[in-house]
Amino acid sequence: MKVVMKPIEMIAWFDVPGIPRPIRFRHDGEVVKVEQIIRLSEEKLAGNRMKIYECQSNINGQLKRYELKYELNTCKWFLYKI
């Protein structure tokens, strides 16, 4: 996977404890549906808490894995690796 760390537009829902679950996002003008969340972890990078989602989706006819990051302090989503 290649590190991109690009801010993205995201549609997500939040469960009762307040954990966000990504639904779909826009990448290079294309809407990508998050088909499966493989792993969810948390890290602290430079004092910022971030949730890391390892996901996979069908992008342009190919099954691809990628990582999304959600910054808890600023509520921003990033496409980290693809």
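Biologist: In which strand is Lys6 found?
Modeller: This is a predicted model, where local features need pLDDT of at least 70, side-chain atom pairs count only at pLDDT 80 or more, and totals for chains, interfaces and linings use all residues. Residues are numbered from 1 along each chain as its sequence is written, and side-chain values use heavy atoms, with hydrogens and water left out. Helices (H or I, at least four residues) and strands (E, at least two) are DSSP runs numbered from the N terminus. The strand that holds Lys6 covers residues 3–7 and is β1.

Biologist: Is Lys6 buried, partly exposed or exposed?
Modeller: Buried means under 20% relative accessible area and exposed means over 50%, with partly exposed in between (1.4 Å probe, protein chains only). Because the relative accessible area of Lys6 is 31%, this residue counts as partly exposed.

Biologist: How far apart in space are Lys6 and Phe78, C-alpha to C-alpha?
Modeller: Phe78 is among the residues that Lys6 touches, a list that also includes Trp77 and Leu79 and leaves out residues up to four places away in sequence; contact here means heavy atoms within 4.5 Å. Although Lys6 and Phe78 are 72 residues apart in sequence, their C-alpha atoms are separated in space by 5.3 Å.

Biologist: Which residue stands opposite Pro7 in β8?
Modeller: Two strands pair if DSSP finds at least two bridges between them, and three bridges join β1 to the antiparallel strand β8 (residues 76–81). Within β8, the residue opposite Pro7 is Phe78.

Biologist: Which strands stand at the edges of the open sheet, and why is one side of each left without a neighbour?
Modeller: The open sheet has five strands in the order β1-β8-β7-β6-β5, with antiparallel pairing. Each edge strand has a single partner strand, so one side is left without a neighbour in the sheet, and the strands in question are β1 and β5.

Biologist: How many bridges join β5 to β6?
Modeller: Strand β5 covers residues 36–45 and strand β6 covers residues 48–59, and the two run antiparallel. Glu43 stands opposite Met50 in β6, while Ala46, in the hairpin of β5 and β6 with two residues between the strands, takes a positive phi near 55°. The number of bridges joining β5 to β6 is nine.

Biologist: With which side chain does Glu54 make a polar contact of 2.4 Å?
Modeller: Glu54 is found in β6 and, at 9% relative accessibility, counts as buried. A polar contact is a pair of N or O atoms within 3.5 Å; within protein, one must be able to donate a hydrogen and the other to accept it, and residues adjacent in sequence count only if both atoms are side-chain atoms. The contact of 2.4 Å is made with the side chain of Arg39.
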